[in-house]
Amino acid sequence: MGRFLQIAGLVIGLAGLVLQFCISIPASMEAGRSLLGSIIFVFSFFTILTNIGAVLVHTSLLSPSGYAWLPAFAGPRMRAGVAVSIALVFIVYATVLARLWQPQGLFLLCDVLLHYVTPALFVLWWLISGADGRTRWSDMSWWVLYPIAYLVYALVRAPLTGEVPYPFLDVAKNGATSVAISALAITGLFLVLCVVAVLADHGIARTRPSKLG
């Protein structure tokens with residue numbers, strides 16, 4: 001089951017990312033961005049970056065040489081950290097972002113794949129085969145660096161480009177206080193998910209032998 005979820009996560013994740021790039025870059029260029037600007041814009045979304053991380057975890061564990069390829073992505077800290085981050089993608093999109101726009105056609109397909117399907121597959125795989133009891137509470141300090149670094153990047157980029165990847169990060173429109181509250185709320189949710197991940201990892205490890213699938 002674990003291997004099936006890995007393969008499904010890898011195939012669907014790659015398909016979703018490739019399709020997203022193929023439709024987003026031309027649309028972005030039609031909106032007035034350059035090719036380079038369009039590529040940077042697409043890579044400025046937390047969803048895209050996190051799904052890339054999930055694909056790299058699956059690839060590292062499915063490679064013929066085992067841990068020899070991208071070993072950092074095969075480790076327990078990275079597996080759990082990506083599980084937390086991609087769960088955040090699912091929750092924030094489902095509760096906040098999904099009601100802010102109505103994508104159609106291939107854009108809707110990409111939204112479903114990258115915000116719902118790949119997070120569900122990755123978290124389910126991690127719970128079944130990826131968790132092995134080796135996470136530590138101190139790992140949380142490493143996991144939280146990712147969303148914080150992303151937030152800093154998005155806020156620094158905003159005044160330079162005049163655009164933000166997510167509406168709740170728009171200081172010019174919403175004000176600094178509103179953005180700060182949103183950032184703190186999401187960071188708090190992320191930390192809650194970190195605690196849940198460590199507890200789940202240790203709990204699952206006590207119920208079965210440690211293994212990867």
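Before going on, a word about the model. It is a predicted one, in which local features need pLDDT of at least 70 and side-chain atom pairs count only at pLDDT 80 or more, while totals for chains, interfaces and linings use all residues. Residues are numbered from 1 along each chain as its sequence is written, and side-chain values use heavy atoms, with hydrogens and water left out.

## The overall build

The protein chain has 10 helices and 0 strands; here helices (H or I, at least four residues) and strands (E, at least two) are DSSP runs, numbered from the N terminus. Reading along the sequence gives the pattern α-α-α-α-α-α-α-α-α-α. The radius of gyration is 18 Å, close to the 17 Å that the globule rule gives for 213 residues, so the protein chain is as compact as a globular protein of that length. That radius is taken over C-alpha atoms, and the rule is 2.2 Å times the number of residues to the power 0.38.

Along its principal axes, the C-alpha trace spans about 55 × 35 × 30 Å. Of the contacts with a separation of 6 or more, 76% are between residues 24 or more positions apart, where contact means heavy atoms within 4.5 Å. As for charge, the mean positions of the 12 positive and 7 negative charges are 10 Å apart. Lys and Arg count as positive and Asp and Glu as negative, while His and the chain ends are not counted; each charge is placed at NZ of Lys, CZ of Arg, CG of Asp or CD of Glu.

Of the 213 residues, 44% count as buried. Buried means under 20% relative accessible area, exposed means over 50%, and partly exposed is in between (1.4 Å probe, protein chains only). In soluble globular proteins, nonpolar side chains tend to be buried together.

Which residues have the most contacts inside the largest nonpolar core? They are Phe 122, Trp 143 and Tyr 166, in a core of 49 residues. Helix α5 (residues 76-97) gives the largest share of this core, with 11 residues. A nonpolar core is a set of buried Ala, Val, Leu, Ile, Met, Phe, Trp, Tyr and Cys residues joined through side-chain atoms within 4.5 Å. Leaving aside neighbours within four places in sequence, Tyr 166 is in contact with Phe 45, Phe 46, Thr 47, Leu 97 and Tyr 150.

Start with Pro 76 in helix α5. Is Pro 76 buried or exposed? Pro 76 counts as buried, because its relative accessibility is 19%. Beyond its neighbours within four places in sequence, Pro 76 is in contact with Asp 132, Arg 134 and Thr 135. Next comes Leu 151, found in helix α8 (residues 145-161). With 22% relative accessibility, Leu 151 counts as partly exposed. Neighbours within four places aside, Leu 151 is in contact with Leu 169 and Ala 183.

Finally, look at helix α10 (residues 176-207), the place of Ser 182. Val 195 lies in helix α10 too. Ser 182 is partly exposed at 21% relative accessibility, and Val 195 is partly exposed at 31%. Not counting residues up to four places away in sequence, Val 195 touches Trp 137 and Met 140.
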